[in-house]
Amino acid sequence: MVIVAFDQVQLLDVSGPLEVFTTANRYGARYDVRVVSPAGADVHTSSGLRIGTTARLAQLPQRVHTLLVPGRRDWRRATADDALMSLVSGLAARARRVTSVCAGAFLLAQAGILDGRRATTHWELAPQLATAYPRVRVEPDPVFVRDRHVITSAGVTAGIDLALALVEEDHGADLAREVARQLVVFMARPGGQSQFSVRMTPQQSQHPLVRRAMDEITADPSLPRGTEALAAQLGISARHLARLFRQETGMTPGQYIDAVRVEAAQALLSSDTASVEEVAQQAGFGSSETMRRAFQHAFGVSPTVYRARFRTTAAPAAFPVADGGVTVSC
């Protein structure tokens, strides 16, 4: 397995998958992981830490089982690096399986490897990937996307999800599960990238009537509202308001109301002790079932799961350990 490293590469894009593969070796896998760079020298990562390479290009076997290409936030600098692109293109042609983490998808796209394929990247970079490489079928929500022998993953920590999926493919679910337990990560992360992104946040409008409507909604999302009532407050027809909203924000007034209510519920669930039913009332959903449907649609998880996952990073006083195992902290 070959991981490409280069200057300003995101550290976790490299170290996350590397840790998964080396941990898998403790449970019976036989991964021979090589880290290579265009010049064969050490590189400085995005965090400033210097990492060393473990092999030179000439030392690699003719056939590579898996190529993993990480990314850097300034993907344009990476794709403009001729030496790096030559390394990626050459290794991809020799690899049975080609993968990328985060902005590494841009390097694969630049090499033409993603042409006509489904792919993903960090949710924030997905629109840029779609614009810069229109032949790539970008899917912004999945944590990772497989299209035949090419697998692309979302941002940063999603490289761990990708690596676990590769371990499962190579050595079965039981071994992958042991690795996940050892690293204290999800075997399969619930939900997609939308639970972490701001793609639900509507853009602000410059039109005075739409801005007034948006202000009315955000001032108190719990108030019962509809397009007719909002339009009446503004002195225009509901049809005209809907048309202005679509032009200015890309969504209907009703969709904007739902987005604001979801955002209000997120804040309440993350910081308040109110029950889910009380949060639903305060956020304007009317019932916990309506809020549950909205959260499932937006994030792929229920409000209860959202609260448990995003309310705090502190471990609970009594932390359950699967199968009677022993907790280990690092």
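Arg177 and Asp174 sit 3 residues apart in helix 7 (residues 173-183), about one helical turn from each other. Helices are DSSP runs of H or I with at least four residues, strands are E runs of at least two, and both are numbered from the N terminus. The model is predicted; local features need pLDDT of at least 70, side-chain atom pairs count only at pLDDT 80 or more, and totals for chains, interfaces and linings use all residues. Residues are numbered from 1 along each chain as its sequence is written, and side-chain values use heavy atoms, without hydrogens and water.

Arg177 and Asp174 form a salt bridge, with the closest N and O atoms 3.1 Å apart. A salt bridge places a side-chain nitrogen of Lys or Arg within 4 Å of a carboxyl oxygen of Asp or Glu. Arg177 is partly exposed at 39% relative accessibility, and Asp174 is exposed at 58%. Buried means under 20% relative accessible area, exposed over 50%, and partly exposed in between (1.4 Å probe, protein chains only).

The structure holds 14 salt bridges. One of them joins Arg97 and Asp170, at 2.9 Å from N to O. Arg97 belongs to strand 6 (residues 95-100) and Asp170 to helix 6 (residues 158-171), so the pair ties together parts 73 residues apart in sequence. Arg97 is buried, at 2% relative accessibility. Asp170 is partly exposed, at 25%. Shared partners link Arg97, Arg146, Glu169 and Asp170 into one network of salt bridges.

Asp42 and Arg50 also form a salt bridge, with the closest N and O atoms 3.8 Å apart. Asp42 is partly exposed at 43% relative accessible area, while Arg50 is exposed at 54%.
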